[in-house]
Amino acid sequence: MQEEEPAEAAEAAPAPPADYDEAEARGIELYQAGEYERAIRLFELATTLPGAGVDYRRTSNQGMIGSATAPPNPRGMERTRFATPEQKLIAQYNIACCYAAMRDSGRAVDVLRAYLNQVSDPLNQVNEMLVDADLEPIRAELRELREEQKARGAPPGLFGLKGVTNPLRALADQVQVKWKD
(Lines give C-alpha, C1' and ligand atoms only; values in the text may rest on other atoms or scores of the structure.)
Protein backbone atom coordinates (compact mmCIF):
# COMPACT_ATOMS: atom_id res chain seq x y z
CA MET A 1 0.00 0.00 0.00
CA GLN A 2 2.73 2.48 0.85
CA GLU A 3 4.48 1.87 -2.45
CA GLU A 4 1.34 2.67 -4.50
CA GLU A 5 0.69 6.09 -2.94
CA PRO A 6 3.80 7.82 -4.35
CA ALA A 7 3.06 6.36 -7.80
CA GLU A 8 -0.50 7.73 -7.67
CA ALA A 9 0.80 11.14 -6.58
CA ALA A 10 3.26 11.15 -9.46
CA GLU A 11 0.47 10.33 -11.94
CA ALA A 12 -1.76 13.08 -10.56
CA ALA A 13 0.84 15.82 -11.12
CA PRO A 14 0.74 16.92 -14.77
CA ALA A 15 3.94 17.29 -16.74
CA PRO A 16 5.22 20.84 -17.05
CA PRO A 17 4.02 22.66 -20.17
CA ALA A 18 6.25 22.29 -23.20
CA ASP A 19 5.46 25.58 -24.92
CA TYR A 20 3.75 28.94 -24.58
CA ASP A 21 0.39 27.79 -25.93
CA GLU A 22 0.15 24.88 -23.51
CA ALA A 23 1.11 27.04 -20.51
CA GLU A 24 -1.39 29.71 -21.55
CA ALA A 25 -4.19 27.15 -21.95
CA ARG A 26 -3.48 25.66 -18.52
CA GLY A 27 -3.31 29.13 -17.00
CA ILE A 28 -6.72 30.00 -18.44
CA GLU A 29 -8.15 26.74 -17.09
CA LEU A 30 -6.79 27.56 -13.64
CA TYR A 31 -8.15 31.11 -13.88
CA GLN A 32 -11.60 29.78 -14.72
CA ALA A 33 -11.35 27.34 -11.80
CA GLY A 34 -10.55 30.21 -9.43
CA GLU A 35 -6.94 29.18 -8.79
CA TYR A 36 -5.51 32.60 -9.56
CA GLU A 37 -2.07 32.28 -7.93
CA ARG A 38 -1.30 29.07 -9.84
CA ALA A 39 -2.58 30.70 -13.04
CA ILE A 40 -0.23 33.66 -12.49
CA ARG A 41 2.73 31.28 -12.16
CA LEU A 42 1.78 29.56 -15.42
CA PHE A 43 1.37 32.85 -17.29
CA GLU A 44 4.79 33.96 -16.02
CA LEU A 45 6.26 30.62 -17.08
CA ALA A 46 4.65 30.95 -20.52
CA THR A 47 6.78 34.01 -21.30
CA THR A 48 9.95 31.92 -20.92
CA LEU A 49 8.79 28.95 -23.00
CA PRO A 50 9.03 28.40 -26.77
CA GLY A 51 6.32 30.36 -28.55
CA ALA A 52 5.51 31.63 -32.03
CA GLY A 53 8.85 33.39 -32.49
CA VAL A 54 11.48 31.54 -34.52
CA ASP A 55 15.18 32.18 -34.91
CA TYR A 56 17.83 30.28 -36.84
CA ARG A 57 21.45 30.10 -35.82
CA ARG A 58 24.26 28.55 -37.79
CA THR A 59 25.94 25.71 -35.91
CA SER A 60 28.53 24.81 -38.52
CA ASN A 61 30.33 26.56 -41.34
CA GLN A 62 29.89 23.70 -43.78
CA GLY A 63 27.68 24.06 -46.81
CA MET A 64 27.32 26.28 -49.80
CA ILE A 65 30.00 28.90 -50.25
CA GLY A 66 29.99 31.53 -52.93
CA SER A 67 27.20 33.62 -54.32
CA ALA A 68 25.29 36.00 -52.09
CA THR A 69 22.15 35.13 -54.06
CA ALA A 70 22.42 31.41 -53.39
CA PRO A 71 19.73 29.99 -51.09
CA PRO A 72 20.80 29.29 -47.52
CA ASN A 73 21.86 25.79 -46.69
CA PRO A 74 19.48 24.28 -44.10
CA ARG A 75 22.16 21.88 -42.90
CA GLY A 76 24.09 23.17 -39.95
CA MET A 77 21.26 25.44 -38.75
CA GLU A 78 19.68 25.30 -35.34
CA ARG A 79 16.07 26.45 -34.95
CA THR A 80 15.11 28.19 -31.71
CA ARG A 81 11.58 29.11 -30.71
CA PHE A 82 10.69 31.87 -28.24
CA ALA A 83 7.67 33.79 -26.97
CA THR A 84 7.04 36.85 -29.13
CA PRO A 85 6.59 40.31 -27.59
CA GLU A 86 2.87 40.05 -28.38
CA GLN A 87 2.62 36.74 -26.52
CA LYS A 88 4.42 38.27 -23.54
CA LEU A 89 1.93 41.15 -23.54
CA ILE A 90 -0.98 38.70 -23.59
CA ALA A 91 0.50 36.86 -20.61
CA GLN A 92 0.98 40.17 -18.80
CA TYR A 93 -2.66 41.11 -19.40
CA ASN A 94 -3.79 37.69 -18.14
CA ILE A 95 -1.72 38.18 -14.98
CA ALA A 96 -3.46 41.51 -14.41
CA CYS A 97 -6.83 39.78 -14.79
CA CYS A 98 -5.80 37.26 -12.12
CA TYR A 99 -4.79 40.03 -9.71
CA ALA A 100 -8.09 41.80 -10.39
CA ALA A 101 -10.01 38.59 -9.64
CA MET A 102 -8.04 38.28 -6.37
CA ARG A 103 -9.14 41.86 -5.57
CA ASP A 104 -5.52 43.01 -5.47
CA SER A 105 -6.13 46.27 -7.30
CA GLY A 106 -2.66 47.69 -6.57
CA ARG A 107 -0.81 44.86 -8.29
CA ALA A 108 -3.35 44.65 -11.11
CA VAL A 109 -2.98 48.36 -11.90
CA ASP A 110 0.82 48.16 -11.68
CA VAL A 111 0.87 45.28 -14.18
CA LEU A 112 -1.57 47.10 -16.48
CA ARG A 113 0.45 50.31 -16.28
CA ALA A 114 3.56 48.39 -17.39
CA TYR A 115 1.45 46.76 -20.12
CA LEU A 116 0.24 50.16 -21.36
CA ASN A 117 3.83 51.42 -21.59
CA GLN A 118 4.49 48.71 -24.20
CA VAL A 119 1.46 49.06 -26.49
CA SER A 120 1.11 51.48 -29.39
CA ASP A 121 -2.28 53.00 -28.45
CA PRO A 122 -2.58 52.95 -24.64
CA LEU A 123 -5.72 55.07 -24.42
CA ASN A 124 -7.60 52.73 -26.73
CA GLN A 125 -6.36 49.76 -24.71
CA VAL A 126 -7.66 51.30 -21.45
CA ASN A 127 -11.03 51.87 -23.11
CA GLU A 128 -11.12 48.18 -24.04
CA MET A 129 -10.13 47.22 -20.49
CA LEU A 130 -13.07 49.18 -19.13
CA VAL A 131 -15.50 46.82 -20.89
CA ASP A 132 -13.57 43.62 -20.07
CA ALA A 133 -15.61 41.59 -17.57
CA ASP A 134 -12.43 40.05 -16.13
CA LEU A 135 -11.27 43.51 -14.99
CA GLU A 136 -14.61 44.58 -13.51
CA PRO A 137 -13.33 44.50 -9.89
CA ILE A 138 -10.88 47.32 -10.70
CA ARG A 139 -13.14 49.40 -12.92
CA ALA A 140 -12.72 52.56 -10.77
CA GLU A 141 -8.93 52.27 -10.94
CA LEU A 142 -9.15 51.79 -14.71
CA ARG A 143 -11.07 55.05 -15.03
CA GLU A 144 -8.24 56.81 -13.17
CA LEU A 145 -5.74 55.10 -15.45
CA ARG A 146 -7.70 56.36 -18.46
CA GLU A 147 -7.50 59.93 -17.14
CA GLU A 148 -3.72 59.50 -16.73
CA GLN A 149 -3.46 58.31 -20.33
CA LYS A 150 -5.59 61.21 -21.57
CA ALA A 151 -3.34 63.66 -19.75
CA ARG A 152 -0.24 61.97 -21.13
CA GLY A 153 -1.60 62.16 -24.67
CA ALA A 154 -2.66 65.82 -24.40
CA PRO A 155 -0.45 68.35 -26.17
CA PRO A 156 1.98 69.86 -23.64
CA GLY A 157 1.51 73.52 -24.61
CA LEU A 158 3.14 76.18 -26.74
CA PHE A 159 6.46 74.98 -28.19
CA GLY A 160 6.24 71.84 -26.05
CA LEU A 161 6.40 73.78 -22.80
CA LYS A 162 3.93 72.77 -20.11
CA GLY A 163 1.82 75.54 -18.67
CA VAL A 164 2.45 77.88 -21.60
CA THR A 165 -0.67 78.16 -23.74
CA ASN A 166 -1.00 79.52 -27.22
CA PRO A 167 -2.74 82.93 -27.13
CA LEU A 168 -4.14 82.28 -30.60
CA ARG A 169 -6.02 79.26 -29.29
CA ALA A 170 -7.88 81.44 -26.77
CA LEU A 171 -8.68 83.91 -29.53
CA ALA A 172 -10.00 81.09 -31.74
CA ASP A 173 -12.25 79.94 -28.88
CA GLN A 174 -13.64 83.47 -28.53
CA VAL A 175 -14.65 83.67 -32.18
CA GLN A 176 -15.86 80.04 -32.14
CA VAL A 177 -13.32 78.67 -34.58
CA LYS A 178 -12.27 75.07 -34.13
CA TRP A 179 -8.59 74.96 -33.17
CA LYS A 180 -6.41 72.09 -34.43
CA ASP A 181 -3.10 71.31 -32.74
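Predicted model: local features only at pLDDT ≥ 70, side-chain atom pairs only at ≥ 80, totals over all residues.
Me: Which residue forms a salt bridge with R113?

Reply: Side chains of opposite charge can pair when their charged atoms come close. Here R113 forms a salt bridge with E148, and the closest N and O atoms are 3.0 Å apart. The pair links distant parts of the chain, since R113 is in helix α5 and E148 is in helix α7, 35 residues apart. E148 has a relative accessibility of 39% and therefore counts as partly exposed. Salt bridges that share partners join R113 and E148 with D110 into one network.

Me: How many salt bridges does the structure hold?

Reply: There are seven salt bridges in the structure. One of them is formed by R57 and E78, whose closest N and O atoms are 3.1 Å apart. Because R57 lies in strand β1 and E78 in strand β2 (residues 77-82), this pair ties together parts that are 21 residues apart in sequence. R57 is partly exposed, with a relative accessible area of 46%, and E78, at 34% relative accessibility, also counts as partly exposed. In another salt bridge the side chains of R107 and D104 meet, with 3.7 Å from N to O. R107 has a relative accessible area of 48% and is partly exposed, while D104, at 25% relative accessibility, counts as partly exposed.

Me: Which residues of the largest nonpolar core touch the most other members?

Reply: A nonpolar core is a set of buried nonpolar residues joined through their side-chain atoms. The largest such core has 33 residues, and L112, M129, L135 and L142 touch the most other members. The elements that give two or more residues to this core are α2 (20-33), α3 (36-46), α4 (85-101), α5 (105-116), α6 (122-130) and α7 (139-153). The largest share, nine residues, comes from α4.

Me: What does L112 touch, not counting residues up to four places away in sequence?

Reply: With those residues set aside, L112 touches Y93, A96, M129, L135, I138, L142 and L145. M129 is placed in helix α6, and with a relative accessible area of 0% M129 is buried. M129 and L142 are 13 residues apart along the chain, and their C-alpha atoms are separated by 7.4 Å.

Me: How many aromatic pairs are there?

Reply: Aromatic pairs are judged from the distance between ring centres and the angle between ring planes, and here the count comes to two. In the pair of Y93 and Y115 the ring centres are 5.6 Å apart and the planes are at 55 degrees, so the pair is tilted. Y93 is in helix α4 and Y115 in helix α5, 22 residues apart, and the pair thus links distant parts of the chain. Both Y93 and Y115 are buried.

Me: Why does Q92 count as buried?

Reply: Q92 counts as buried because its relative accessibility is 17%, and buried means under 20%. Q92 lies in helix α4, and Q92 is in contact with V111, A114, Y115 and Q118 once its neighbours within four places in sequence are left aside. Of the 181 residues of the protein, 28% count as buried.

Me: Which residues make the nonpolar surface patch of about 270 Å²?

Reply: That patch is made by V54, Y56 and M77, and Y56 lies in strand β1 (residues 53-58).

Notes. Residues numbered from 1 in each chain as written. Heavy atoms only, no water. Core = buried A, V, L, I, M, F, W, Y, C linked by side-chain atoms within 4.5 Å. Buried < 20%, exposed > 50% of the residue type's maximum accessible area, 1.4 Å probe, protein only. Helix = DSSP H or I, 4+ residues; strand = E, 2+ residues; numbered from the N terminus. Contact = heavy atoms within 4.5 Å. Phe/Tyr/Trp six-rings, centres within 6.5 Å; stacked < 30°, edge-to-face > 60°. Patch = residues over 30% accessible without salt bridge, like charges linked within 9 Å, V, L, I, M, F, W, Y side chains within 5 Å. Areas by Shrake-Rupley, 256 points an atom, 1.4 Å probe, with all protein chains shown as cover. Salt bridge = Lys/Arg side-chain N within 4 Å of Asp/Glu carboxyl O.
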